[in-house]
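I opened the model today to look up a handful of local features and wrote down each one as I went.

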Amino acid sequence: MSSSKEKKPRISKGSLKKALKLYKYIKPYRGQFTVGLIFLFLSSAANLAFPKLLGDLVNEANMEAITRDINRIALILLGVLVLQSIFSYFRVILFVNVTEKSLASLRQGVYQHLIRLPMWFFAEKRVGELNSRISADISLLQETFTTTLAEFIRQIIIIAGGITLLAITSVKLTLFMLAILPPVVLLAVFFGRYIRKYSKKVQGEVAESNTIVEETLQGIQNVKAFTNEFLEIGRYREKTDEVAATAIKGGKYRAAFSSFIILGLFGAIVAVIWMGTTLIATGELNTGQLFSFVLYSGFIGGSIGGMADVYARIQKTIGATEELLEILEEEIEPINDHTAERSDLRGSIAFEGVTFSYPSRKDITVLNHLSFEVQPGEQVALVGPSGAGKSTIVSLLYQFYHPQEGKILFDGRPADHYDLTDLRAHMALVPQDVFLFGGSIRENIAYGDPSAHEDQVIEAAKKANAWDFIQKFPEGLDTLVGERGVQLSGGQRQRIAIARALLHDPRILILDEATSALDSESEQLVQQALDTLMEGRTSIVIAHRLSTVRKADKILVIENGHIRETGTHEQLMQNHEGLYRALSEMQFAN
């Protein structure tokens, strides 16, 4: 477990200014939001009228029978309650409407921005972290706009309005109440937060003890093989003893807290009532006013106590807002909707003196003044040891990253002269580890061209040697492939990926170890499909198994970011001192 403490966001002028940038998502609904605030104010005002009217009702009991007006005051009280419920209903409805519409726009805006960010951004961020930004952080905003903000405003109105009404009733008693009740409430709040910290600590230690159980049961074979049963028993005993010690300490604080609440809060209320009865005895206050005063004191005390929790929630929201804005401030790629016709591209490629280091590892040069050419329709294989820079060349072709030095040319023109979406639309990648979306086979093949008809999808499946196994499924093209395609075998996934690439109809095809993880039968079927796919297209083939690239028009042998050798299989095998021949002989010997 990490011992680093989570950094707490602070509410400052700068953080509030950042948070206000999200106002543009609320702006279209500001009319409804304003009406909601008016209803909130009216609801809070009705809430403040309640103790005053109850005090008047108590006073009526002490009046002469002729002057009593109990029924009229009771009806007014009922009317206030009805109005308060109506105001609260419309306030909640309006706030929910504004919140849900605003957050839908925000979710869409964040996702649209996120998916258009460059690859280096995703290389430096975890998927779980980004998913948390778009789900958990926005859910925090949802809670804030729907309830926390309303609660914050309501409590301010109650505290300010309550103290004003108390001062009108009795300045002397108000000053007495403010001297004792708020400090006691604030002490109770901070004491309570301290106890909650202990509760969280106990939960964390229980989780650690559960991890020990989970790990030992999962690795029980190793535990027994190394005769470490008593070691694990000792670890678990030590951790559970820590849990008990922390819980006992927390229990002592909770006991002290209970005593404090009884003595402090109830003592404060008793003191206010004592002072009030003293004022009644001197004729400065009547019974109804004291009754109202005690109720207002309870309202104010509750609001002061609740403010700490509301402030903490707003603090969390400010932190979530800052993290969302960090994503929205990242510069996106210049991509567009590619519904327009593709431009003409013959498919020639040239690297001219390309030097490249990844943004996260600037001290390591992956490609060093790399230069080579690929003619239209030519099949070029990239071979060499792991880490030589082969996959990096693919990333640069796709413009996922840009070289620090040198140029990449397509049909003799620098890559940055092309529309990025159009350039990528001319390429297709068939990787070793195929990613399929969790929908149907039809949806995964049609991902290559979402506008394709069923006949085109079937034709692509046939050319990819996939149609035979697809037909054997009861649902055919509508068969669900499961998450990442787990319902299909490796060879089947590979052929679906080839069908997808065929439907995309690229000018430049990139194959990244497309057959290396397959059995012999699947490899043969996939290789036939790849041969069909490569016909008439510029093909870049990354291979570790050199037997798959013997027919390539040109083989580039790469080591440490340099091209060591270039030629056909036959030419490279004639070089007895060459790296390609050494790699080839090593593989065939194995």
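**Ground rules.** I am working with a predicted model, in which local features need pLDDT of at least 70 and side-chain atom pairs count only at pLDDT 80 or more, while totals for chains, interfaces and linings use all residues. I number residues from 1 along each chain as its sequence is written, and side-chain values use heavy atoms, with hydrogens and water left out.

**Strand β8.** I looked up residues 538-542 and found that five of the five are buried, so strand β8 is largely enclosed by the rest of the structure. I take buried as under 20% relative accessible area, exposed as over 50% and partly exposed as in between, with a 1.4 Å probe and protein chains only. Strands here are DSSP runs of E with at least two residues, and helices are runs of H or I with at least four, both numbered from the N terminus. In a regular strand the side chains alternate between the two faces of the sheet. I noted that T538, I540 and I542 point one way from β8, whereas S539 and V541 point the other way.

**Neighbours of β8.** Two strands pair if DSSP finds at least two bridges between them. Strand β3 (residues 379-383) runs parallel to β8 and is joined to it by four bridges, with L382 having I542 as its bridge partner. Strand β7 (residues 508-512) is also parallel to β8, with five bridges, and there L511 stands opposite V541.

**I327.** I placed this residue in helix α10 (residues 287-329) and read its relative accessible area as 5%, which means that I327 is buried. Leaving out residues up to four places away in sequence, I327 touches H113, L114, L117, F121, L130 and R133, where contact means heavy atoms within 4.5 Å.

**Nonpolar patch.** I found a nonpolar surface patch of about 740 Å² made by L75, L78, L81, V82, I86, Y89, F90 and I93. Of these I checked Y89, which lies in helix α4 (residues 70-115). Patch residues have over 30% relative accessible area and no salt bridge, with like charges joined within 9 Å and nonpolar side chains (Val, Leu, Ile, Met, Phe, Trp, Tyr) within 5 Å; a salt bridge is a side-chain nitrogen of Lys or Arg within 4 Å of a carboxyl oxygen of Asp or Glu. Accessible areas come from the Shrake-Rupley method with a 1.4 Å probe, and for residues only the protein chains shown count as cover.

**Positive phi.** Most residues other than glycine have a negative phi. I noted that D411, not a glycine, has a positive phi of about 55° and sits in the loop between β4 (405-410) and β5 (413-414). N465 likewise has a positive phi, near 60°, in the loop between α14 (454-463) and α15 (467-472).
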